[in-house]
Amino acid sequence: MTTQPKTIEQVKRSRLDPEPIPRRDFLGLAALWSAASTLLFATVGMLRLPKAAVLPSPSKKFRVVLPESLALHQPFIPPGRSVGLFKAETGVYAVSIVCTHLGCIVKSSASGFDCPCHGSRFSQDGSVLRGPAPKALPRLAVNRMCDHEFIVDEGEIIEASEAMA
């Protein structure tokens with residue numbers, strides 16, 4: 001008795017078995033599905049392009065109302081901003097509270113500002129008391145709107161002599 005391999009047609013198949021797919025048809029369908037999925041993902045990627053990947057930052061110019069109880073040379077730091085505002089005898093001035101060493105946000109202290117990252121100290125007017133900060137905290141432009149209301153421009157750095165509003 002010799003046994004020969006049976007062809008697909010000779011194998012008894014159930015009526016529930018799917019039709020066998022020839023190899024060429026299977027490869028053609030696989031190529032078609034690959035091309036369709038590539039087009040789909042490329043289209044989704046192109047649709048996402050107009051959306052910004054980062055959130056917009058708040059405006060550099062903002063309005064601040066100083067509390068009436070703010071004492072002379074006491075810092076007022078508006079919430080969400082990296083600016084310290086001070087009342088002086090001749091007016092109001094603003095100092096950036098971003099350390100000039102590596103950009104840490106300095107903390108208010110009795111003598112002025114202390115950098116929690118590397119130990120720099122600044123006076124209330126922003127000048128360096130102790131390094132490693134290479135230069136003073138920059139003064140920012142302040143414009144008076146009314147008695148206790150000011151507009152601070154974080155994008156405009158000015159000289160200390162013209163910093164009063």
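Ala 94 stands opposite Leu 140 in β8. That is my way into this predicted model. The strands involved are β3 and β8, residues 139-144, and they pair in the antiparallel sense over 2 bridges.

Now the other neighbour of β3. Strand β3 covers residues 91-96, and with β2 it pairs in the antiparallel sense over 6 bridges. Take two of the partners. Ala 88 has Gly 91 in β3 as its bridge partner. Val 83 has Ser 96 in β3. How many residues does the hairpin from β2 to β3 pass through? It passes through 2 residues.

Step back to the whole sheet. It is open, has 5 strands, and runs in the order β1-β9-β8-β3-β2, with antiparallel pairing. Which strands form the edges? They are β1, at 61-65, and β2, and each of them pairs on one side only. From one strand to the next, the twist averages 30 degrees.

Back to β3. Of its 6 residues, 6 are buried, so the strand is largely enclosed by the rest of the structure. In a regular strand, side chains alternate between the two faces of the sheet. Look at β3 with that in mind. Gly 91, Tyr 93 and Val 95 point one way. Val 92, Ala 94 and Ser 96 point the other way.

Tyr 93 takes us to the aromatics. The structure holds 2 aromatic pairs. Why is the pair of Phe 86 and Tyr 93 called stacked? The ring centres are 5.2 Å apart and the planes sit at 15 degrees, so the pair is stacked. The cut-off for stacking is under 30 degrees. Phe 86 and Tyr 93 are both buried.

Next, Phe 86 with Phe 113. Here the centres are 5.8 Å apart and the planes are at 80 degrees, so this pair is edge-to-face. For edge-to-face, the planes must be over 60 degrees apart. This pair links distant parts of the chain. Phe 86 belongs to β2, residues 83-88, while Phe 113 belongs to strand β5, residues 112-114. They are 27 residues apart. Phe 113 is buried, as is Phe 86.

Phe 86, Tyr 93 and Phe 113 make one aromatic cluster.

One last contact. What lies over the face of Tyr 93? Arg 139 does, at 4.2 Å from the ring centre. Residue 139 brings us back to β8, which spans residues 139-144.

Notes: Residues numbered from 1 in each chain as written. Predicted model: local features only at pLDDT ≥ 70, side-chain atom pairs only at ≥ 80, totals over all residues. Heavy atoms only, no water. Phe/Tyr/Trp six-rings, centres within 6.5 Å; stacked < 30°, edge-to-face > 60°. Buried < 20%, exposed > 50% of the residue type's maximum accessible area, 1.4 Å probe, protein only. Helix = DSSP H or I, 4+ residues; strand = E, 2+ residues; numbered from the N terminus. Lys NZ or Arg CZ within 6 Å of the ring centre and 35° of its normal. Pairing = 2+ DSSP bridges. Axes fitted to C-alpha atoms, helices over the stretch in contact; angles between N-to-C directions.
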